[in-house]
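Read it with the model open.

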Amino acid sequence: MIPENLAGRRIAITGSTGFLGTALVERLLRSAPGCELVLIVRPGRRGADRRVERDILRNDAFNNLRTQLGADGFAEMTSRRITAVAGDVTSDGLGLDAEGLAALASSDIVIHSAAVVSFDSPLDQAVEVNLLGPVRVVETLVSLGVTPHLVTVSTCYVAGSRRGRAPEEPVDASAFFVDVDWRGEVDAARRIRLDTETESRTPGNLKGFRSEAHGELGAAGIPSLAAKTEQLRCRWVDEKMAAAGVARATSLGFPDAYAFTKALGEIAVAESAGDVPISVVRPAIIESAHSEPSPGWIRGFRMAEPVIISYARGLLKEFPGVPEGTVDVIPVDFVVAAICAVAARGPLGPDEGADIVQVASGSVNPLQYGHLVDMVREWFTEHPIYDEMGQPITVPQWSFPGRGRVRKQLQRAARTLDRAQKVFEVLPVRGRQAEVGARLEEQRELIGRAEGYVDLYGAYAECEAVYGLEHLLGLWDSLDDADQATFGFDPRVIDWSRYVPDVHLPSVVKAGRVPMRPPARGGESRSERLRRQVLAPERQLVAFDLENTLIASNVVASYAWLGSRHLRGRDRARFVAHLVAEAPTLLSLDKKDRSDFLRHFYRRYEGAPVDQIAEDSMEQFSELILAKSFPAGIRRVRQHKALGHRTVLITGALDFVVEPFRPLFDDIVSAELGVVDGAYDGRMTAVPPTGEARYQALADHAELHGLDLRESVAYADSASDLPMLEAVGFPVAVNPETRLASIARKRGWLVEDFRQSPGMRRSVLPLAPAGSASR
Amino acid sequence: MSNGRHLAPRPGFVLDVDRNSPPIVFHHGEGFRLEKLPPGRSRVIYPAEPLEGLADPDGAIRHALDNPLGDSEPLRALLHSDMKLTIAFDDISLPLPPMRRPDIRQRVIEAVLDLAAEAGVDDVHLIAALAVHRRMTEDELRHAVGDRVYDAFAPDGRLYNHDAEDPDGMVVLGETPHGEDVQFSRRAAESDLVVYVNINLVAMDGGHKSTATGLSGYTSLRHHHNVHTMSNSRSFMDQKNSALHASNWRMGKVLKDAGVKIFQIETTVNNDTFGRQGPMALLQKREWEWSTRDRMQFLAMKAGLDLMPTGAKRKAFSSWQAPYALTSVQAGEIEAVHEVTTANVYRQQLVAVEGQTDILTMGLPYICPYNVNSIMNPILVMCLGLGYFFNLYRGRPLVREGGVLILSHPTPWEFHPVHHPSYIDFFEQVLADTTDPAEIERKYEKQFAEDEWYIHLYRNSYAYHGVHPFYMWYWGTHALEHLGRVIIVGGDPAAVRRMGFQPASSLQDALEMASDVVGPQPTITHMKNPPILMADVT
């Protein structure tokens, strides 16, 4: 009956790019061959048609259909039956153009499934989509003067956090509903957004963001810091808005902003409906498909999955919840089938009671929390996730503590990691040690995420409401055998002991892309692959930083060497004492701004004779610079050159110091001092190439030689080189300090560990050998 | 002391190891190993004790300059005021270890300069004849020629290092009948007289090689520093059987025919490498003659060295300067001079040995010609063992064909980034591909030799030429062809394997491994060197 009832009907759908929406489109195309679809999608950059093609029809949900029809048949069928319309439920009039409005007006059924399902979305965003979205749909229909059957997808959790029965009745019919005016809530959410935006711009907060950006990037130059600061501000506003959402929702007895806004949405849409007949479908927690389009089919990384994966990674040692409690899970295909049945049945008459169908399992076929946890643990014991060393991770046993205790455990772990991370940030470590710091940061982020899960999903795990299914089961009984075979949604048939381990978990780990087997040996490792890309002949320009990238030395060491070369005895001692006394000032200046530091430091070359310095620099090159060079780094420069790449050294060091490197590079960009009467005047003739100026030097060089930065490589060691590293297609972090190590790790950059030749002695302050040049 | 100055020095000696023989001291880089050799089938070759030095070295030098050998006038007769005089001298690779001041070169050069001053010669240049070795530092030059000479000539650029890559400073003087280009220092070629000041530490040194190699460059060197020559020099320490020697002699003739006049001054030193007194004196004594005090001292030294970090050990060892004494000095025409010189080298170093052995063992010391004030990297370990020490024979190799060579050296994967940049790349790139000298020569030599960066570092920094690590590897060609297996005891396993050798953690393990190749109960010969000995194998 369902296919017949839908045949010749035109069905408009919002939210078709989502998990539920995609499954719905697939099912209608496959099982209701007589219907036509109008898909209202946000057009994005590519336009609605392309979006439908890329983001819906290419999904593996359509594999069966595509195989059945063949590629051409599939294309023909979809182009015949689908009309893609650009629209957006957050705009008034749904943002539809005349054509779009006409398509909507000609529809017999409208299924509204667009929603912000993420539980930590900012309050105002949830309000705009979940509350106002359906209101805008009916308002548009009313203004078009049409009355198609509107099926809105809501959630069981509109019943709020409560114990006991939650029947299929209107939200405001419940005795537990706290009556609030939805328009007032809309205004409040928008106001909170404005207030928060304002608050984020107070000088104190802006200063905070800036110092946080500085902490993360170091002396990366003003433009990079500015971009980072703004990014942090936006993130801060979003976090505040999410917190405001949770706060407002819990204050009214809802687990989160999602359930809260959905609940008000149901009320609002009923108020605005006019003559438009409305059916509400309320699913519980939607999870992977039971059998359609294929067992385990899932789209996106959803509700319970992050929790399950965190557990399997050994990250989440505990999760709140009562073992006897019910986790109300429903496979996506059941929800889709129920929606189809409701749409085919048509709206209920005014005397037929509330037109609300809940799609859940808890009241008729409960999945107990304890049972679920046992199955998850058993499954991951048999199919462990592997850590980066290739060892299987052992999953912990849960003791079902309260939410408070879990949160405390996580907070303790977070604090410990915070402290360790702080220590690492100030330690002058590089290379391998710095990567430990980067890993700490990663752990800290994972813990942070786990904290979030506990806060958000804990409410659900602790929810003990039981959702009534009278309407659903009544609908089920009204179907004929053919419909029951094609559109199954009877939750009583689910065998949890089979569904969880055989269907759901394999699909969760697949969607989560977690390593389920130890890394294959012998194959090309990630860094080998990256290195191959970096050393591919088609690369064009290769930029190198000098200090700590090619040599373990710095401008202070150079100065100490050059300055002490002609000093003896007491003068020499005084020179050393002076430099050592200044070290703290110099270090802090260098941390703040590299070019200020260089400007300040290079003053001391004032009066140095040019000829003498040139001669001494050549000696210094052998005794200090080459002696502290990284042979693998130098070899890398030569490799690039041999491959025909253009190599350029970009350094804040002085020209005479790096002059002996000339034959190694095609070009050298360095700092230069002015000369007066054959002696240096201690002032730089131009802005030294550090931070964004280094990026600029690279960009200028690329432009001058007509080279493409996206096909170029940059080697550097510090977060202050970020502008340069970010500008090229193939950045390489060499012996990175902690900050850069963590950035490189996150972004998947090649990290090289170039070292000094073993056996060379290290000295804190390199001085020229006493007297060799002054005898 | 059993071998005090008043006693006549004893010649070299071959000990047959029996049950009562004490453990033998093996050199092992900047350290030592005490090894017990299997009795009944092992023998140890000891070098001769140091010959007496000349009582009046300066007098002997003056006498040699006034009484030249061969077809040559006395030096003073060759000097005149309006001439161009070039004094070339051996570089940092000689002698080993560096000798105490005054260096012989200083004595000889001062004597030559005295005569030049008497004759009123103004145009004098002094050149460190280092071919493609690294440049000598100021300190090293001062040590070799003395402060007086350095201060008089260096500041205005009349004392300097040879630069084989200076396009204006080098000239090709002709070709030998074998088609070998003879490239030479332009200054030396254009001088009225070249005086060469040599220290003839081993039999390969000196003669025409001093100038034909020392003052030339890659254009010439490639004709004799190659796999073919090395394979046909058996050994390169034995002039009569050395293709290397023959090529240098042919080139010497071309130089002579081109009108280059050379007055050759050659010197030999005794075997007093570690001194008769002091911390290293033990290394010159035969183990069964050690006193209780010697034993205690050795154990204390070994314990101390084991505790020291590598850098400190390296520094301690490289500060050692040998109290070498001059045993002969002769001057005049190159070939006549060199014959006498070679006889004097043999007088000190030759030890008669009867018959070959299945397994040859050697303890390699901390120094070789190319790591003075530097790091003995794995390639230099190979060169010292399979090049220098293996070839220190006359007649036939100490070890039979197909036999096993066991070296003892820590062989760390360490390189001096200033002195040996091309070695690092040779080790990382070339040896990772192949260890076969002929293939290496064919595939990689030209590329390294002509590399702009290596040339830059050779000319302006203190780097061995880009081609130098190849020569080090070629030096071992004859040994590689001759031997069935090479095992390094106590070496860094990765570095040892990279070179195609086998690592062993103890001599016992190494002997076990060797018996796979040479069969059970093999004969073993240990070459106790340095002080330097040359085996005269019959």
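Two strands pair if DSSP finds at least two bridges between them. On that basis, V172(B) stands opposite Q183(B), a residue of β9(B). The model is predicted. The points below start with this strand pair and then move to other parts of chain B and to chain A.

**The β8–β9 hairpin of chain B**

- Strand β8 (residues 170–175) of chain B pairs with β9(B) in the antiparallel sense, over five bridges.
- The hairpin of β8(B) and β9(B) has five residues between the strands. In this hairpin G179(B) takes a positive phi near 80°.
- Strand β9 (residues 181–185) of chain B has four of its five residues buried, so it is largely enclosed by the rest of the structure.

**A three-strand sheet in chain B**

- This open sheet of three strands runs in the order β13-β20-β15 (chain B), and the pairing is parallel.
- Which strands stand at the edges? They are β13 (350–353) and β15 of chain B. Each has a single partner strand, so one side of each is left without a neighbour in the sheet.
- β13(B) and strand β20 (residues 534–537) of chain B run parallel and are joined by four bridges.
- The bridge partner of A352(B) in β20(B) is D536(B).

**Domains of chain B**

- The domain assignment of chain B gives domain 1 (13–50 + 349–537) and domain 2 (57–269).
- The centres of domain 1 of chain B and domain 2 of chain B, taken over C-alpha atoms, are separated by 28 Å.
- Across this boundary, 30 residues of domain 1 of chain B are in contact with 26 residues of domain 2 of chain B.
- On the side of domain 1 of chain B that touches domain 2 of chain B, two or more residues come from each of β15 (393–394), α16 (437–449), α17, α18 (468–474) and α19 (477–482) of chain B.
- Which element gives the largest share of that side? α16(B) does, with four residues.
- By class, that side of domain 1 of chain B has 20 nonpolar, six polar and four charged residues.

**Contact between chains A and B**

- How many residues of chain B are in contact with chain A? There are 22, and they meet 18 residues of chain A.
- Four elements of chain B each supply at least two residues of the side that touches chain A: α4 (138–145), α12 (310–318), α15 (421–433) and α17 (452–460).
- The residues of this side of chain B divide into 10 nonpolar, six polar and six charged.

**Chain A overall**

- Chain A holds 28 helices and 19 strands.
- Of its 775 residues, 47% are buried.
- Take the contacts in chain A between residues at least 6 apart in sequence: 77% of them join residues at least 24 apart.

**Helix α6 of chain A**

- Helix α6 (residues 123–144) of chain A has 22 residues, which at 1.5 Å a residue should span 32 Å. Its end C-alpha atoms are 30 Å apart, which agrees.
- Where does α6(A) bend? The bend is at L132(A) and is about 50°. A proline, P134(A), follows within four residues.
- α6(A) is mostly covered, with 18 of its 22 residues buried.

How values were computed. Residues are numbered from 1 along each chain as its sequence is written. Chains are lettered from A and ligands numbered from 1 in the order in which they are written. This is a predicted model: local features need pLDDT of at least 70, side-chain atom pairs count only at pLDDT 80 or more; totals for chains, interfaces and linings use all residues. Two residues are in contact if their C-beta atoms, placed from the backbone, lie within 7 Å. Ala, Val, Leu, Ile, Met, Phe, Trp, Tyr, Cys and Pro count as nonpolar, Asp, Glu, Lys and Arg as charged, and the others, Gly among them, as polar. Domain bounds come from an automatic or database domain assignment. A residue is buried if 20 or more other C-beta atoms lie within 10 Å of its own, exposed if 12 or fewer, and partly exposed in between; C-beta atoms are placed from the backbone. The expected span of a helix is 1.5 Å times one less than its number of residues. The bend at a residue is the angle between axes fitted to the seven residues ending there and the seven starting there.
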